[in-house]
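Dear colleague,

A summary of the findings follows it.

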Amino acid sequence: MSDCIRKDQTQIVLRHLRRYRRIDSMKAFGLYNITRLADVIWRLRRQGHAISTEMVAKPRTRYAIYRLAK
């Protein structure tokens, strides 16, 4: 993946988090076609953004919800 696309995805997710405070992989894929949200979150954390992870367990599935700290 090119650096330009990575930067675009990072900015898209950061903008979403600032506006809505949370995102999960289904929302990232459905709205922005981002398939590797965990990687984008990792890059944002390396940039210094405080993002928490909440694991949700439902029958036959488990997923993470990422939240931007206030």
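Which residues are linked in a network of salt bridges? They are Arg 36, Asp 39 and Arg 43, where a salt bridge is a side-chain nitrogen of Lys or Arg within 4 Å of a carboxyl oxygen of Asp or Glu.

Before the details, a note on the basis. This is a predicted model, in which local features need pLDDT of at least 70 and side-chain atom pairs count only at pLDDT 80 or more, while totals for chains, interfaces and linings use all residues. Residues are numbered from 1 along each chain as its sequence is written, and side-chain values use heavy atoms, with hydrogens and water left out.

Salt bridges

The count comes to three salt bridges. Arg 36 and Asp 39 meet at 3.9 Å, N to O, and Asp 39 also meets Arg 43, at 2.9 Å. Asp 39 and Arg 43 are four residues apart in helix α3, so about one helical turn separates them. (Helices, H or I of at least four residues, and strands, E of at least two, are DSSP runs numbered from the N terminus.) Arg 36 is exposed at 53% relative accessibility, Asp 39 is partly exposed at 22%, and Arg 43 is buried at 14%; buried means under 20% relative accessible area, exposed over 50%, and partly exposed in between (1.4 Å probe, protein chains only).

Arg 67 forms a salt bridge with Glu 54, with the closest N and O atoms 2.9 Å apart. This pair links distant parts of the chain, strand β3 and strand β2, 13 residues apart.

Sheet

Three strands form an open sheet in the order β1-β3-β2, with antiparallel pairing; two strands pair if DSSP finds at least two bridges between them. β1 (22-24) and β2 (51-58) stand at the edges with a single partner strand each, so one side of each has no neighbour in the sheet. β1 and β3 pair over three bridges, and Arg 22 stands opposite Arg 67 in β3.

Nonpolar core

The largest nonpolar core has 14 residues, of which Val 13, Leu 17, Ile 41 and Leu 44 touch the most other members. Such a core is a set of buried Ala, Val, Leu, Ile, Met, Phe, Trp, Tyr and Cys residues joined through side-chain atoms within 4.5 Å. Two or more residues each come from α1 (3-20), α3 (37-46) and β3 (61-68), and the largest share, four residues, comes from α3.

Yours sincerely
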